[in-house]
Amino acid sequence: GSELQVNATVDNQSSTGLISIRGSSLIADAGIINAGSIAMTLGDSTIQGDVNNTGTIQVSGGASATFYDDVTQNGTMQVSSVGSTNSVAVMLGAFSGSGGFTGGGDLFALGDLRPGNSPASVTFGGNLFLGFSSNVFFELGGLGLGEFDQMLITGDLNLTGDLFVSLIDGHTLGFNQQYLIGDI
């Protein structure tokens, strides 16, 4: 039930960095650079401030974690579900990057969803829910795998919101072309 507010950038180092949050809030006004580990367990936890993750984020033990600002996910994110204990991650800002998530839990993308880093296939290892105000952005740069953004979802997908498609790298659309942008 506590709150920690930091007015500078939180730089969580890879070799020694561990931020553990249990039913509390971390407010990082200048954002979080995470190359280490952020673990959220038990209860409702919140993170405010942009998160640039190249390390590990874990949401486990039935925790609910709400990220209020943008999350660039190029590391490992685990939102676990074990038996009847399900964990939840809620993204209110943009969720982008090549990392996706594992663990079988639920991820709610209620802001922008930008899978991949120009373009890529991103695995969502659980249930993915896109809210009514979600904006999903895909890039198409060719017909081959890896030339367009793709979501690989191992759980359920709930689609609402708007889809925006951009052509990149000089790619043009032709008659009867198909792109598998979501595989469940």
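Me: What lines the largest pocket of this predicted model?
Reply: This is a predicted model. Its largest pocket is lined by Leu130, Val136, Phe138, Met151, Leu157, Leu159, Thr160, Gly161, Asp162, Leu163, Ile181 and Gly182. Strand 21 (135–140) and strand 24 (162–167) are the elements that give two or more residues to this lining. The volume of the largest pocket is about 170 Å³.

Me: How do you know how many residues of that lining are nonpolar, polar and charged?
Reply: Leu, Val, Phe, Met and Ile count as nonpolar, Asp counts as charged, and Gly is placed among the polar residues. By that rule the lining of the largest pocket divides into eight nonpolar, three polar and one charged.

Me: Why is Gly111 called buried?
Reply: Buried means under 20% relative accessible area. Gly111 has a relative accessible area of 10%, so Gly111 is buried.

Me: Where is Gly111, and which residues does Gly111 touch?
Reply: Gly111 sits in the loop between strand 17 (106–109) and strand 18 (112–115). Leaving out residues up to four places away in sequence, Gly111 touches Met91, Leu92, Gly93, Ser133, Ser134 and Asn135. One of these, Met91, has Ala109 in strand 17 as its bridge partner.

Me: Why is Ser96 called buried?
Reply: The limit for buried is under 20%. Ser96 has a relative accessible area of 17%, and therefore counts as buried. Ser96 belongs to strand 16 (residues 95–97). Apart from neighbours within four places in sequence, Ser96 is in contact with Val71, Thr72, Gln73 and Arg114.

Me: What makes strand 15 and strand 17 a pair?
Reply: Two strands pair if there are at least two bridges between them. Strand 15 (residues 88–91) and strand 17 have four bridges, in the parallel sense, and so they meet the rule.

Me: Which strands stand at the edges of the open sheet of eight strands, and why?
Reply: The order of the strands in this sheet is 1-4-7-10-15-17-20-23, with parallel pairing. Strand 1 and strand 23 (157–158) each have a single partner strand, so one side of each is left without a neighbour in the sheet. Those two stand at the edges.

Me: What does strand 4 pair with?
Reply: Strand 4 pairs in the parallel sense with strand 1 (residues 3–6) over four bridges, and with strand 7 (residues 44–48) over three bridges. Val6 stands opposite Ala28 in strand 4, and Ser25 has Thr46 in strand 7 as its bridge partner.

Me: Which way do the side chains of strand 4 and strand 9 point, and which are buried?
Reply: In strand 4 (residues 25–28), Ser25 and Ile27 point one way and Leu26 and Ala28 the other way, and all are buried. In strand 9 (residues 56–60), Ile57 and Val59 point to one face and are buried.

Me: Which strands does strand 9 run parallel to?
Reply: Five bridges join strand 9 to strand 6 (residues 37–41), and four join strand 9 to strand 12 (residues 76–79). Ser37 stands opposite Thr56, and Val59 stands opposite Val79.

Me: Which members of the largest nonpolar core touch the most other members?
Reply: They are Met40, Ile47, Phe67, Leu107, Leu113 and Phe124, out of 33 residues in the core. Residues touched by Met40 include Ile47, Ile57, Val59 and Phe67.

How values were computed
Residues are numbered from 1 along each chain as its sequence is written. This is a predicted model: local features need pLDDT of at least 70, side-chain atom pairs count only at pLDDT 80 or more; totals for chains, interfaces and linings use all residues. Side-chain values use heavy atoms; hydrogens and water are left out. Buried means under 20% relative accessible area, exposed over 50%, partly exposed in between (1.4 Å probe, protein chains only). Contact means heavy atoms within 4.5 Å. A nonpolar core is a set of buried Ala, Val, Leu, Ile, Met, Phe, Trp, Tyr and Cys residues joined through side-chain atoms within 4.5 Å. On a 1 Å grid over the protein atoms alone, a cavity is a set of points where a 1.4 Å probe fits but cannot get out, and a pocket is an open set with protein on both sides within 12 Å along at least five of seven lines; lining residues have an atom within 4 Å of a point. Grid points are joined across faces, edges and corners, and a volume is the space filled by probe spheres set on the points.
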